[in-house]
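Please consult the sequence and the coordinates shown here while reading.

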Amino acid sequence: MTSGSRPVDLVAMTVETYTARRAYQIAAHYRRRGIPVVMGGYHPTLLPDEVARYCDSVVIGDAEGVWPTILSDAAHRRLAPVYRGDASIGLGGVLPDRRVFANRRYAPVSLVNFGRGCRLACDFCSIHAFYGKRIVQRPVDDVVAELEALPRRRPVFFVDDNLFSDRPTLLRLLDAIRPLRLRWVCQTTIDVARDPVLLDRMAASGCMLAVIGFESLSERNLARIGKKWNLRRGDYTEGIARMHERGIMIYGSFVFGYDDDTPDTFDRTVDFALEAGFCIANFNPLTPTPATALMHRLREENRLLHDAWWLDPEFRYGDAAFVPRGMTPDQLTQGCWRARSTFYRASNIARRFCAHPSLYLHPARAALYLASNLVSQREIHRKQGARLGNDEPLSVEAMPA
Ligand code: B12
Ligand code: SF4
């Protein structure tokens, strides 16, 4: 079989909830031509019955352990409708092959995975829904070998949703990567900032930026999310200062729409983010994704605006997907948009930079600050109101026999 000029025997797709509609549309084109489609990732794992209607095989869980079987079954034209990753095999010896990315226009950053899963259980989070309490980490030596083989000048993004899962292994990783003199970015929780030893080692091993889920300034909201500890032992200000003192910039992440939020929450939160001098930030409407505690609760409370917003041709990126308690859905959509556009206004990009000269007047940090703000400013405009997928109706037709 060929797709354009390339031979295609099997299509394998990673499907996230935001990309599900488009993935189903693309799959239909291949299936009509008799090419089997396999789907895996968050959305198929959390909603296998829906996904099964649009592909030939659904993979639940991680690919490691099950991928060779899938390839062999596809070669013998006997794909099973469902495969399950084998969580017990661990991640030792798993080294990504990046040749597939060669000569393509991907961002100049190396994505590296240390571990999967998170020790916490925020009610909106797909990571917890996917992995439960399970945390799997790769051997530190494997990660170091992978990092050593990567282009040196590129920053590394550790894609773990919470790099701070286990203190001893994180410390081992930090000590092991220090000699590599990398510049790296990670996602983690604010409790790293209460641990000066950890912070020092992060900074010494090249951490430039950390994505931190602040989520909300309201303690009641944090209790609802399952993240009350976020504000334990002092407010955010001290933690932010400790990270900044060590040259670690912050990407602050906030969600709006929890029960304690009202129309004036947006401005207060943006003022806080500007004052804190975050390098970048995102302000998203709380969005119920499949199999999360949030989704179950909102469904029980009859507050969902769509049965499945990700399939709805009317749903747009940035839209509220449920009825909040303290405002209308439209106020939630507009408030998030206002928060984003205010934060990335040119005058505010300059203001954040100038208010923290000791942090940002440093060549590598200044370059990252400028580049990430310009990209984010462009992206928020490009994405706001974008539809998921295109006009094509979703088709569940099976492959021709
Ligand atoms: C890097 C990243 C990004 C990057 C790049 C995304 C990309 N497509 O490469 C950027 C910053 C652009 C991004 C953006 C967004 N992201 Co994002 N992102 C991630 C992140 C942190 C890492 C992804 C990764 O590389 N993981 C490591 C690999 C090894 O794991 P994996 O992808 O799960 O794959 C394994 C299994 O799932 C399975 N598998 C996956 N695909 C397939 C396919 C087949 C065929 C098989 C057999 C198996 C299989 O096997 C793999 C290996 O074991 C994840 C969280 C996470 N830690 O995974 C969030 C995550 C995927 N993002 C998420 C979201 C919500 C978004 C945004 C919508 C955020 C927003 N509001 O704007 C946007 C838009 C995304 C879009 N596609 O339009 C959610 C998705 C939730 C969901 N239910 O779908 C996640 C899970 C974060 C979260 N905490 O909820 N993201
Ligand atoms: S801390 Fe982050 S990754 Fe962990 S459960 Fe909460 S939102 Fe998910």
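The model is predicted: local features need pLDDT of at least 70, side-chain atom pairs count only at pLDDT 80 or more, and totals for chains, interfaces and linings use all residues. Residues are numbered from 1 along each chain as its sequence is written, chains are lettered from A and ligands numbered from 1 in the order in which they are written, and side-chain values use heavy atoms, with hydrogens and water left out.

**Ligand 1**

Around ligand 1 there are 28 residues, of which Thr14, Thr17, Glu64, Asp161 and Tyr317 come nearest; a residue is near a molecule if one of its heavy atoms lies within 4 Å of it.

| Residue (polar side-chain atom) | Distance to an oxygen atom of ligand 1 |
|---|---|
| Tyrosine 42 | 2.9 Å |
| Glutamate 64 | 2.5 Å |
| Tyrosine 317 | 2.4 Å |

Two or more residues of the shell are given by each of β3 (11-14), β4 (37-40) and α5 (126-131). Helices (H or I, at least four residues) and strands (E, at least two) are DSSP runs, numbered from the N terminus. By class, the shell around ligand 1 holds twelve nonpolar, ten polar and six charged residues. Here Ala, Val, Leu, Ile, Met, Phe, Trp, Tyr, Cys and Pro count as nonpolar, Asp, Glu, Lys and Arg as charged, and the others, Gly among them, as polar.

**Strands and helices**

Strand β12 (residues 207-215) is mostly covered, with nine of its nine residues buried, that is, under 20% relative accessible area (1.4 Å probe, protein chains only). Strand β11 (residues 184-188) pairs with β12 in the parallel sense over five bridges, where pairing requires that DSSP finds at least two bridges. In this pairing, valine 185 stands opposite leucine 209 of β12. Strand β13 (residues 249-256) also runs parallel to β12, joined by six bridges, and methionine 249 in β13 is the bridge partner of leucine 209.

In helix α7 (residues 167-177), the buried residues include Thr169, Leu170, Leu171, Leu173, Leu174 and Ile177.

Terms used:
Buried means under 20% relative accessible area, exposed over 50%, partly exposed in between (1.4 Å probe, protein chains only). A polar contact is a pair of N or O atoms within 3.5 Å; within protein, one must be able to donate a hydrogen and the other to accept it, and residues adjacent in sequence count only if both atoms are side-chain atoms.
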